[in-house]
Amino acid sequence: MSVAYRPVGWNANKIFYDLALVVAVALYLAIFMTVGHRATPFAPFDDATVEMRAWGSCAFLMMSAILCIGPLARLDARFLPLLYNRRHFGVMTFLVAFMHARHVLGWYFAFSDVDPYVALLSSNTSFSRLAGFPFELFGVAALIALFALAATSHDFWLSFLTPPVWKALHMSIYAAYACVVAHVSLGALLTPQLQAMHVVVPACALLVVALHLAAGAKQARLDRAKDGADWIEVGAPDRIAEGRAVIVSVKDDESVAIFRHQGRLSAIANACKHQNGPLGEGRIVDGCVTCPWHGFQYRLEDGCAPPPYSEKLATYNLKLTDGAVWLDPRANPEGTRVEPLAIGGAI
């Protein structure tokens, strides 16, 4: 946390996560290349093209999965484990995309009279028509964005660039995804032969959009923001599962996580001090809320990180009236102890 930086904070979950990613990528590439090499009567591509498309399609599917993880975790808590090490997923996606670019340069531009990189950017300049538009530029832009995200994924860069700048940079994943969709649509999908990618690309893009809209709609239903100091009705206590939280908006850009632990409720600011991670999607470990992104922890009763760490969160007051839980939207000073609200046994 706040004491020192480490290259990678390995633990059993991260090792399993990364191994699962490596195995999944290896299996996909092996199956794609095996089927592609054997299916030449139906997909008349040379071996080099099959390998390029294997790496490229794998990178596209990985980007689609990354952009689906966030809304899925908000729609269903069972997807939260996929969220914990998403930065590792992003770094691996860049490596796969880089291998696609390397195959392209090695096959199409290795024997050019000019530098391969110059040839890549200058060999196609048909900007005036859709068919033949220089789709390569979209691929280059996406690869540069993925490199920037992978290179700055470590906590050092979060601190050095400041959280607002770091977050704005990493939001470019959406621009990179749009570039990849354009790259594929103006390139591989313009071939006359019907291919699986003609279905997979639009389906993945629509899925990403649909999940984000669904997650946004769910959050809008849960938002109960009110002006002034009016208390906000949260609902019946059994709405909050033991060891979990509900998230309540108190302002346009602020929300509160109300946790249930051992039959009592506590309310703390939902944004982690490290990277504004959604604490309400985290778990309670050893009596502390654990951020699902990078493992930062905070005590429920006072919002303080356990020693030797120094981070503090704002806490909020709760009350139980006529069988309903109510939240005071006025935040207490960071680190203020608030006695948890007793509501009975765990469910």
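The following dialogue explains how to read several features of a predicted model.

Reader: Which conventions apply to this model, and which pLDDT is needed for local features?

Author: This is a predicted model, in which local features need pLDDT of at least 70 and side-chain atom pairs count only at pLDDT 80 or more, while totals for chains, interfaces and linings use all residues. Residues are numbered from 1 along each chain as its sequence is written, and side-chain values use heavy atoms, with hydrogens and water left out.

Reader: At what angle do helix H2 and helix H9 pack?

Author: Helices (H or I, at least four residues) and strands (E, at least two) are DSSP runs, numbered from the N terminus. Axes are lines fitted to C-alpha atoms, for helices over the stretch in contact, and angles run from 0 to 180 degrees between N-to-C directions. Here H2 (residues 47-75) and H9 (residues 173-185) pack at about 145°, and their axes are 11 Å apart.

Reader: Which residues make the contact of H2 and H9?

Author: Contact means heavy atoms within 4.5 Å. From H2 come Phe60, Met63, Ser64 and Leu67, and from H9 come Ile173, Tyr174, Ala176, Tyr177, Val180 and Val181. Nine of these residues are nonpolar, one is polar and none is charged. In that classification, Ala, Val, Leu, Ile, Met, Phe, Trp, Tyr, Cys and Pro count as nonpolar, Asp, Glu, Lys and Arg as charged, and the others, Gly among them, as polar.

Reader: Is Thr152 buried or exposed?

Author: Buried means under 20% relative accessible area, exposed over 50%, and partly exposed in between (1.4 Å probe, protein chains only). Thr152, in the loop between helix H6 (136-151) and helix H7 (155-161), has a relative accessible area of 10% and is therefore buried. Leaving aside neighbours within four places in sequence, Thr152 touches Trp157, Leu161, Trp166, Leu169 and His170. By contrast, Ala26 is partly exposed at 42%; Ala26 belongs to helix H1 (residues 12-38).

Reader: What is the strand order of the open sheet of three strands?

Author: Strands of a sheet pair through backbone hydrogen bonds, either parallel or antiparallel. Two strands pair if DSSP finds at least two bridges between them. In this open sheet the order is S1-S10-S9, with antiparallel pairing. Strands S1 (232-235) and S9 (318-321) stand at the edges with a single partner strand each, so one side of each has no neighbour in the sheet. Neighbouring strands are turned by 35° against each other on average, direction ignored. Three bridges join S1 to S10 (residues 324-327), and Ile232 has Leu327 as its bridge partner in S10.

Reader: How many salt bridges does the structure hold?

Author: Side chains of opposite charge can pair when their charged atoms come close. A salt bridge is a side-chain nitrogen of Lys or Arg within 4 Å of a carboxyl oxygen of Asp or Glu. The structure holds eight. One of them joins Arg260 and Glu242, whose closest N and O atoms are 3.9 Å apart. Arg260 lies in strand S3 (residues 254-261) and Glu242 in the loop between S1 and strand S2 (245-251), so the pair ties together parts 18 residues apart in sequence. Arg260 is buried at 3% relative accessibility, whereas Glu242 is partly exposed at 25%.

Reader: Which residues are linked in a network of salt bridges?

Author: The network links Arg264, Arg337 and Glu339. Within this group, the side chains of Arg337 and Glu339 meet at 3.1 Å, N to O, and both of these residues are exposed.
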